[in-house]
Amino acid sequence: MASTEPAATHRLSRRPLVARVDTAALAHNLALARQAAPGVRLLAVVKANAYGHGLARAARALRGADGFAVLSLDEAALLRAEGYTHPIVLLEGFFHPDELPEIARLRLRPVIHRADQAEILTRARLPHRVDVFVKLNTGMNRLGLPPKRLTETLTLLRACGHVGAITLMTHFAAADETGDGVERQLERFHAATDGLDLPTSLANSAALLRHPAAHGDWARPGIMLYGASPFAGEDGESLGLLPTMTLESRLIATQFTRKGEGVGYGPAFVAERDIQVGVVACGYADGYPRHAGTGTPILVDGRLTRTLGRVSMDMLAVDLSPIPNAHVGSPVTLWGAGLPVERVAAAAGTIAYELLTALAPRVPVEET
Ligand SMILES: *Cc1c(COP(=O)(O)O)cnc(C)c1O
């Protein structure tokens, strides 16, 4: 299969920042999803450039899945061009009727989440039958038919000659929370669908890991495949997941900074004593979160330390006090192996999903 990602080895620049994607770890995490949901078919969610890992690369590592789930027709077309014959689900269906012929031609499975989409689909003239996922709103209140419209929508879809297999789908708003979790939504789903004898697609990573009653026939794991935990305050490692993206760089300068002096832009950090500061080639234009304030965990020479001051566009500063031997060229891990991305995300007031998907195109990716 042809790779669509540029080869990182042909760069001119030797800027030391690189994202290493561990394809064996992706495969390991998929295997763990299988163990957690035996007998359930897995749609590997590879939207958002496979959560920042590179769609073609991640698909190769996850080809043991039973299907893929993507956002856009372009992503699906790329997977077909790479030769995958798996079922491919379009998570938000079609955005415009013009997409339907290509959806049919590529044998994609659009999600039908509004009643008018069912009408548009049944009126379209298509070269093939189209299998669909019909999505119910059971409490997320984002996408999905109201349960009371399900029967008429199914009747409409079945009456037209070109709708094939139908899978019923819903999405949980709080599968990652303790407390109610998925129960209320699951009850509504069953109330609307029991007796229909159609396959179901319910679980995201959190439901797959915590709510066996909500597995359904086709689970849709995303974040767990990328080694991160969907649960706040718990990292992927404790769930048996392996980190799949390690963002690495090096020190490109050190500065002996006197007590009372600042570091970087603004007064965000002022040295309380004389301090050795390291400057790392990584900034917010690379996808590192600008909201990560002083104290965000970071590894230098494999040792845990903290960031200092504001993250700049291309650089950030670190406290070298715990690593007196660090020097220009010392390796830095921003997140990944040895430093869960969830911890960096928490320090920046966000979630691992955002950091992974925000990896900037300018960061070269190397496969390990
Ligand atoms: C993104 C997405 C998923 C994957 O969710 P994770 O929390 O990453 O496992 C599953 N289902 C739908 C509808 C999604 O949009």
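In this predicted model, Lys-47 places a polar side-chain atom 2.6 Å from an oxygen atom of the ligand. The pairs are listed below.

| Residue and atom | Ligand atom | Distance |
|---|---|---|
| Lys-47, polar side-chain atom | oxygen | 2.6 Å |

The protein buries 90% of the 390 Å² that the ligand exposes when taken alone. Around the ligand there are 13 residues, and the closest are Lys-47, Tyr-51, Ser-205, Ile-223 and Tyr-353.

The largest nonpolar core consists of 113 residues. Within this core, Leu-62, Val-134 and Leu-334 have the most contacts. Domain 1 (23–235) and domain 2 (245–367) each contribute at least three residues to the core. A separate core has seven residues, including Phe-269, Ile-275, Val-277 and Leu-308.

For Leu-62, setting aside neighbours within four places in sequence, the contacts are Leu-26, Leu-30, Ala-44, Val-46, Phe-68, Leu-225 and Tyr-226.

Turning to the cysteines, a disulfide requires two cysteine sulfur atoms within 2.5 Å, and by this rule the count is zero. Are Cys-160 and Cys-282 buried or exposed? The cut-off for buried is under 20% relative accessible area. Cys-160 has 13%, so this residue is buried. Cys-282 is at 0% relative accessibility and therefore also counts as buried.

Conventions: Residues numbered from 1 in each chain as written. Predicted model: local features only at pLDDT ≥ 70, side-chain atom pairs only at ≥ 80, totals over all residues. Heavy atoms only, no water. Buried < 20%, exposed > 50% of the residue type's maximum accessible area, 1.4 Å probe, protein only. Core = buried A, V, L, I, M, F, W, Y, C linked by side-chain atoms within 4.5 Å. Domains from an automatic or database assignment. Contact = heavy atoms within 4.5 Å. Near = heavy atom within 4 Å. Polar contact = N/O pair within 3.5 Å; in protein donor to acceptor, adjacent residues only side chain to side chain. Areas by Shrake-Rupley, 256 points an atom, 1.4 Å probe, with all protein chains shown as cover.
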